[in-house]
Amino acid sequence: MMLDVIATYAIAFCLIVGAAFSLIGSIGLLKFNDSMTRLHAPTKVGTMGIGGLLLASMIHSMIFGNGALHDLLIMGFLFVTAPISGNFLSKVNIHKRTCPLPPPPASDATWAVLDVPEEDIALEPDARP
């Protein structure tokens with residue numbers, strides 16, 4: 001019986017923390033101005049919010065149910081894919097030049113994202129050399 005009470009408090013704590021992170025991520029997504037700063041809200045804060053909610057679900061399933069392997073798999077998939085998708089979205093913004101470019105590198109091969117072959121630059125009508 002004591003384990004049930006401790007688990008209930010742990011579930012409530014995880015739900016509150018997860019909901020707070022999700023709320024902060026939502027507000028950040030609305031308040032930030034450009035697309036590069038908006039990437040931080042869903043990839044960092046939103047991931048922690050969903051992680052807290054899934055952790056509460058895992059605790060509930062382990063104490064009051066049969067187990068929560070599927071929640072663990074969802075959490076692992078989320079923590080692996082969210083940073084990768086954020087990285088790809090930032091690369092798209094850099095290529096489309098919808099954000100300020102990073103500082104110029106010391107050598108041309110340092111920034112693989114901006115290392116475009118000359119024949120590809122000629123194909124883009126609005127590309128800068």
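Trainee: How far apart are the end C-alpha atoms of helix α4, and what should its 28 residues span?

Mentor: The end C-alpha atoms of α4 (residues 69-96) are 41 Å apart, and at 1.5 Å a residue the helix should span 40 Å, which agrees. The expected span is 1.5 Å times one less than the number of residues, and helices here are DSSP runs of H or I, at least four residues, numbered from the N terminus. Bear in mind that this is a predicted model, where local features need pLDDT of at least 70, side-chain atom pairs count only at pLDDT 80 or more, and totals for chains, interfaces and linings use all residues. Residues are numbered from 1 along each chain as its sequence is written, and side-chain values use heavy atoms, leaving out hydrogens and water.

Trainee: Which residues of α4 are buried?

Mentor: Asp 71, Met 75, Ala 82, Gly 86, Ser 90, Asn 93 and Ile 94. Buried means under 20% relative accessible area (1.4 Å probe, protein chains only).

Trainee: And what covers them?

Mentor: The cover includes α2 (35-38) and α3, with contact meaning heavy atoms within 4.5 Å.

Trainee: How do α3 and α4 cross?

Mentor: Their axes, lines fitted to C-alpha atoms over the stretch in contact, come within 9 Å and cross at roughly 175°. That makes α3 roughly antiparallel to α4, a label for angles over 145 degrees.

Trainee: New topic: at what angle do α1 and α3 pack?

Mentor: Helix α1 (residues 2-31) and helix α3 (residues 40-64) pack at about 160°, with axes 8 Å apart. They are therefore roughly antiparallel too.

Trainee: What comes just after α4?

Mentor: Arg 97, with a positive phi of about 60°.

Definitions and conventions. Axes are lines fitted to C-alpha atoms, for helices over the stretch in contact, and angles run from 0 to 180 degrees between N-to-C directions. Helices (H or I, at least four residues) and strands (E, at least two) are DSSP runs, numbered from the N terminus. Angles under 35 degrees count as roughly parallel, over 145 as roughly antiparallel, 65 to 115 as roughly perpendicular and the rest as oblique. Buried means under 20% relative accessible area, exposed over 50%, partly exposed in between (1.4 Å probe, protein chains only).
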